Amino acid sequence: MPNKYYLTTPLYYVNSKPHIGHAYTQIASDVLARYGRLSGKEVLFLTGTDEHGQKVDKAAKEAGETPQAFTDRISGTFRELWTLLDIRYDDFIRTTEERHKLAVAAVWKKLHDSGDVYRDKYSGWYCTPDETFWTEAQVLREGGAVLCPDCRRVIEHLEEENFFFKLSKYQVWLTQTIRDGKSFRILPETRRNEVLGFLDNNTLQDLCISRPKSRLSWGIVSPLSDQHVTYVWFDALINYISAVGYGADEKKLNKWWPADVHLIGKDILRHHAVIWPVLLHALGLEPPKLVFAHGWWVQGGEKMSKSRGNVTDPVEIVQKYGVDAFRYFLLREAPFGSDGTFSEEALIARYNADLANGLGNLLSRTLTMCEKYCAGAIPPGQLVKNVGEPKGQFTNDMDKLPGIVMAHMQNLSFSHVLENIWGVVTCMNEYIEQKAPWKLAKEGKQAEVDVVIRTLCEHLKVIAQAIAPFMPTKAQEIWSQLGLSGKPMDMPFKDNMWGFFENGAQIAKGTSLFPRIELPKNE
Ligand code: MSP
């Protein structure tokens with residue numbers, strides 16, 4: 001189905017409540033899904049929660065709850081946040097659901113039948129908080145202690161029987177597939193190079209995909225042994241196919257697989273760019289078309305995370321500044337592949353400059369002038385399609401804006417999309433200054449005033465559509481204040497969409513779109 005668009009977020013661990021880092025992946029995915037729908041695609045946007053494993057088990061114990069009750073509760077807080085953030089997902093999968101457990105069992109069986117899973121004794125290092133095995137060569141030694149090379153916590157030596165997946169067998173296939181870049185792409189380019197560098201310089205070890213039940217019972221029991229549960233990462237990755245019917249609904253699987261985009265943070269790149277494509281290949285399935293690894297939100301120079309204690313609660317930010325301003329800030333402030341520093345000062349500065357003074361002011365001036373000089377009705381008149389002077393590499397040609405926006409969306413360059421839209425917003429504010437409709441009105445040049453007002457309204461209509469995936473509520477407010485019926489997202493969004501307003505249609509000016517945030521003055 002060429003017109004389908006299947007995109008996924010990572011499944012969030014339910015060991016603690018969501019923070020800005022989680023909200024980021026989610027908002028970016030929502031914007032992508034909305035653009036997909038705007039361009040006429042049939043979209044499946046999947047998200048969910050990762051509920052098994054040691055971390056969750058431990059968090060449940062600390063909370064004095066059973067793992068099931070705990071995961072039900074925390075999974076719910078993720079869903080509540082997604083509602084608050086206006087995230088329109090199509091499916092929410094929990095790894096504790098029956099449909100997922102069935103798919104995991106089907107994967108175990110298939111890999112066992114094809115000889116890609118074997119049972120063996122393991123003797124080596126294990127990081128309990130990270131649930132990861134390490135070889136002698138990988139561990140760090142400091143003083144007398146042996147440390148996890150990833151999280152630098154003390155690790156233990158284990159000896160136990162487990163099941164292994166033959167990851168090593170597929171190293172050559174994987175390296176070639178990534179180099180070739182046709183069926184499986186990794187973006188940004190730096191991340192692709194990082195994975196290729198890792199594959200060129202390391203020999204893949206087979207992956208231990210079980211944990212003895214005696215050590216960890218909170219997991220999906222292996223169909224090969226009731227004494228073992230599935231390793232949490234192996235379990236979690238399978239969600240991307242269990243949600244589309246793996247092992248249960250062949251037709252659905254064929255419709256949606258391969259996924260078009262897996263959006264992830266850079267910390268989970270290897271799981272998605274090494275283990276996952278190999279696992280799919282071993283199952284006889286195609287790799288996802290694209291894995292995009294975004295950067296981190298940092299605070300105090302470190303990745304925002306619960307364990308570092310430097311998290312910001314998205315709910316608080318939304319209560320202070322509104323959902324759409326928060327969505328805008330996250331995707332405008334840092335290019336999607338890079339890290340960004342979160343601060344309320346930076347958010348307020350962007351809000352005032354781009355939203356209050358930029359777009360909000362533009363809408364309010366346009367509609368005030370429409371009321372004052374055109375009796376609140378869309379005037380007749382020729383359209384001007386290039387307003388103001390182009391800013392740097394940004395266009396002032398409204399005919400071309402939808403095409404430019406869509407091209408940047410293809411590369412998930414959210415900040416470039418917004419820069420381009422704001423390039424036009426700046427040109428429009430400049431156009432008002434240049435034309436000074438208040439002077440034209442004084443001089444009795446009504447036909448010229450009409451051209452300016454009509455031009456601004458037509459431009460604002462395209463702007464509302466362009467920003468709708470980022471700021472759905474504010475886009476709708478612009479739409480309604482322009483007197484348009486329906487929704488900006490329901491209209492086709494493509495180049496040369498002009499002549500939209502009927503002469504004489506009434507606008508419906510409302511309250512300020514983005515009231516300026518006044519900061520307390522320092523004494
Ligand atoms: N459960 C695994 C994913 C399994 S996917 C089959 C997991 N969960 S997580 O809750 O720890 O992280 C989920 C996502 O949030 C990851 O993409 C991670 O990169 C992202 N973020 C968590 N903290 C972040 C920041 N401080 N900044 C940006 N994103 C970060 O990993």
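Which helices and strands each supply at least two residues of the shell around the ligand? In this predicted model, they are strand E2 (12–13), helix H1 (20–38), helix H7 (232–237), helix H8 (239–242) and strand E15 (261–265). Helix H7 gives the most to the shell, with 3 residues.

## Ligand site

The ligand is surrounded by 24 residues, and the closest are Leu11, Asp50, Gly265, Asp267 and Met304. By class, the shell around the ligand holds 13 nonpolar, 8 polar and 3 charged residues.

| Residue | Protein side | Ligand atom | Distance |
|---|---|---|---|
| Leu11 | polar backbone atom | nitrogen | 2.8 Å |
| Tyr13 | backbone N or O atom | oxygen | 3.1 Å |
| Gly21 | backbone N or O atom | nitrogen | 3.4 Å |

Taken alone, the ligand exposes 660 Å², and 95% of that is buried by the protein.

Strand E17 covers residues 297–299 and runs parallel to E19, to which 2 bridges join it. Within this part of the sheet, Trp297 stands opposite Gly340 of E19.

Another open sheet has 4 strands in the order E6-E5-E9-E11, with antiparallel pairing. Its edges are strand E6 (132–134) and strand E11 (207–208); each has a single partner strand, so one side of each is left without a neighbour in the sheet. Strand E5, residues 117–127, is joined to E6 by 3 bridges, and the two run antiparallel. Tyr126 has Phe133 in E6 as its bridge partner.

## Second largest pocket

Which residues lie nearest the centre of the second largest pocket? They are Tyr5, Lys41, Val261, Met409 and Gln410, out of 15 residues that line this pocket. Helix H1 and helix H14 (401–410) are the elements that give two or more residues to the lining. The space in the second largest pocket is about 360 Å³. Its lining has 8 nonpolar, 3 polar and 4 charged residues.

## Enclosed space

Rolling a probe the size of a water molecule over the atoms shows where empty space is left. How many cavities of 30 Å³ or more does the count come to? The count is 1 cavity. The largest cavity has a volume of about 50 Å³. Its lining is made by Met398, Asp399, Pro402, Val462, Gln465, Pro492, Phe493, Lys494, Asn496, Met497 and Trp498. By class, these lining residues divide into 7 nonpolar, 2 polar and 2 charged.

Key. Residues numbered from 1 in each chain as written. Predicted model: local features only at pLDDT ≥ 70, side-chain atom pairs only at ≥ 80, totals over all residues. Heavy atoms only, no water. Near = heavy atom within 4 Å. Polar contact = N/O pair within 3.5 Å; in protein donor to acceptor, adjacent residues only side chain to side chain. Areas by Shrake-Rupley, 256 points an atom, 1.4 Å probe, with all protein chains shown as cover. Nonpolar A, V, L, I, M, F, W, Y, C, P; charged D, E, K, R; others polar. Pairing = 2+ DSSP bridges. 1 Å grid on protein atoms, 1.4 Å probe; cavity = no way out; pocket = protein on both sides within 12 Å on 5 of 7 lines; lining within 4 Å. Points joined across faces, edges and corners; volume = space filled by probe spheres on them.
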